[in-house]
Amino acid sequence: MRMSADPAISLQFLGAAQHVTGSRHLLTTGDTRVLLDCGLVQGPRRIAEQQNRNLPVDGRTLDAVVLSHAHIDHCGALPRLVKDGFRGPIWCTEATADLLRLMLLDSAQIQAQDARHLRKRGHDVEPLYDVEDVERTLRLVRGVPYRRPTAVTSELRVEFLDAGHILGAAIVVLDCTAGRRERRVVFTGDHGRKNLPILRDPERIPECDALITESTYGDRDHPLQADMLEQLAAIVTEELHDGGRIVVPAFAVGRTQTLVLFLGQLMRAGRLPQLPIHVDSPMSREATKIMAAHPQLYDDETQALLRAGHDPLFFQGVHYVADVAESKALNHLRSGVVIAASGMCESGRVLHHLAHSLERPQDCVLLVGYQATGTLGRRLLEGATEVHMLGTTYPVRCKVRSMVGMSAHADRGELLAATSHLTGRCSQVFVVHGEIGPANAHAERLRAAGFRSVSVPAKFDQVAIP
Ligand SMILES: [Zn+2]
């Protein structure tokens, strides 16, 4: 890709370019420099550590950060940016602002734990940031409602549309002014799906000059949601027969609530017996509370359920584990469902539950989300016969099953459908947030659909918006 001399409006891709984690894009319009997302890179420690510690942009040169949503691969490097001198506002939706506190404090805690753990083994490691850096970051956050255009500077206005991905997630509309030129850039963030439980459907992507689109599942279709319920019912029923338990690694925000809601639906419909569901993550409990505090963002179905007196997230049979003692007690639990973070098995309490289930043939690990290359979740998904975690090697004797259909990301057909009305109208499309295969596949489909300029930028590529 060509470097442009000094474009009045430009984009530079600083992360999640030909990858899925570490979402970071720099938008320049006139004198305004804004970072879209400031996510953590996840994956093999050595690489992630280096890329998260040395951010590719100087925080002191930025006017603002605009966040698409609160998943850690989109917001988790913010406190590092602040530690490096960023002092501008951080714009996001109100619900994202609520979730951000939870996500960043948790991230600081995980890093402190990791650093302690590594120091014990003789490595000299400082956490990327600490709780104070998080508090400083949170003071910069400005939450605004969906669909309220907001001036970031005189050269940039931002508006958030519902992305239907997780609570608060947004399609970000950026109206840029540079001299007399006005251009609209739209960033899909993580594009959600129609008919996801609880959440509203993604809004229509508005007309724009440049589109930055995700492509996580750019090369595959998800099963229908009705089939997912069937599949979940089948898996759980089978496990009940096998006399084992099901451990579900799931992100505290989004997938955990979806799973709880699905299991509740199946139990209410008599498709599953009443079985205990343990959500072992203080963070999930908090995230669920935040979700419960934003009923105005629910879809019609969930609002109707609430009106009928059913709580989709807090019902009999679901237990949100409060403390470490309770969490440890779950080690002896031999049946039921245990849901714990993190979703890709990179850290968190799920590791302890895996330690007690991996060697038991009657147990099952159920993977319900995207598993990035290099993560423990991916190794399990790919059928590893032994895995290394918590400083020990474990043989994998349990069943490992996956339900990709649980994804909160659009599949290739949905992604294409979400953008097809822009064919011939949007002059540049940048495909990001996908590993190279899916990203190229999605780019190819966009070209075939009639988009003229479609590229899959590499990290550090800079492009002008003419
Ligand atoms: Zn996301």
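Hi everyone, let's start with a helix pair: helix α4 (residues 94-120) and helix α5 (residues 131-138) have axes that come within 9 Å and cross at roughly 160 degrees. That makes α4 roughly antiparallel to α5. On that scale, angles over 145 degrees count as roughly antiparallel, under 35 as roughly parallel, 65 to 115 as roughly perpendicular, and the rest as oblique. The axes are lines fitted to C-alpha atoms, for helices over the stretch in contact, with angles running from 0 to 180 degrees between N-to-C directions.

Before going on, a word on the model. It is a predicted one, where local features need pLDDT of at least 70 and side-chain atom pairs count only at pLDDT 80 or more, while totals for chains, interfaces and linings use all residues. Residues are numbered from 1 along each chain as its sequence is written. Helices (H or I, at least four residues) and strands (E, at least two) are DSSP runs, numbered from the N terminus.

Back to our pair. Which residues of α4 and α5 meet? From α4 we have Leu100, Arg101, Leu104, Leu105 and Ala108, and from α5 Val131, Val134, Thr137 and Leu138. Contact here means C-beta atoms, placed from the backbone, within 7 Å. By class, this contact of α4 with α5 has seven nonpolar, one polar and one charged residues. For the classes, Ala, Val, Leu, Ile, Met, Phe, Trp, Tyr, Cys and Pro are nonpolar, Asp, Glu, Lys and Arg are charged, and the others, Gly among them, are polar.

α4 has another partner on my list, helix α8 (residues 282-292): their axes come within 10 Å and cross at roughly 170 degrees. α4 and α8 are therefore roughly antiparallel to each other. Asp98, Leu99, Leu102 and Asp106 in α4 meet Met283, Glu286, Ala287 and Ile290 in α8. That contact of α4 with α8 has five nonpolar, no polar and three charged residues.

Let's stay with alanine 287, which lies in helix α8. Is alanine 287 buried or exposed? It is buried, with 28 other C-beta atoms within 10 Å. The cut-offs are 20 or more such atoms for buried, 12 or fewer for exposed, and partly exposed in between. Leaving aside neighbours within four places in sequence, alanine 287 touches Leu99, Leu102, Ala252 and Val253.

Now for a loop residue. Valine 368 sits between β16 (364-367) and α12 (376-381), and with 26 C-beta neighbours inside 10 Å, valine 368 counts as buried. Beyond four places in sequence, valine 368 is in contact with Val248, Ala250, Arg255, Leu259, Met403 and Met406.

One more helix pair: α13 (residues 412-419) and α14 (residues 436-448) pack at about 40 degrees, with their axes 11 Å apart. That makes α13 oblique to α14. The crossing of α13 and α14 is right-handed.

To finish, the whole protein. There are 14 helices and 22 strands, and 49% of the 466 residues count as buried. Residues 24 or more positions apart account for 73% of the contacts with a separation of 6 or more. The C-alpha atoms fill a box of roughly 70 × 50 × 40 Å along the principal axes. Thanks, everyone!

Note on methods: Left-handed = near helix turned anticlockwise from the far one by under 90°. Contact = placed C-beta atoms within 7 Å.
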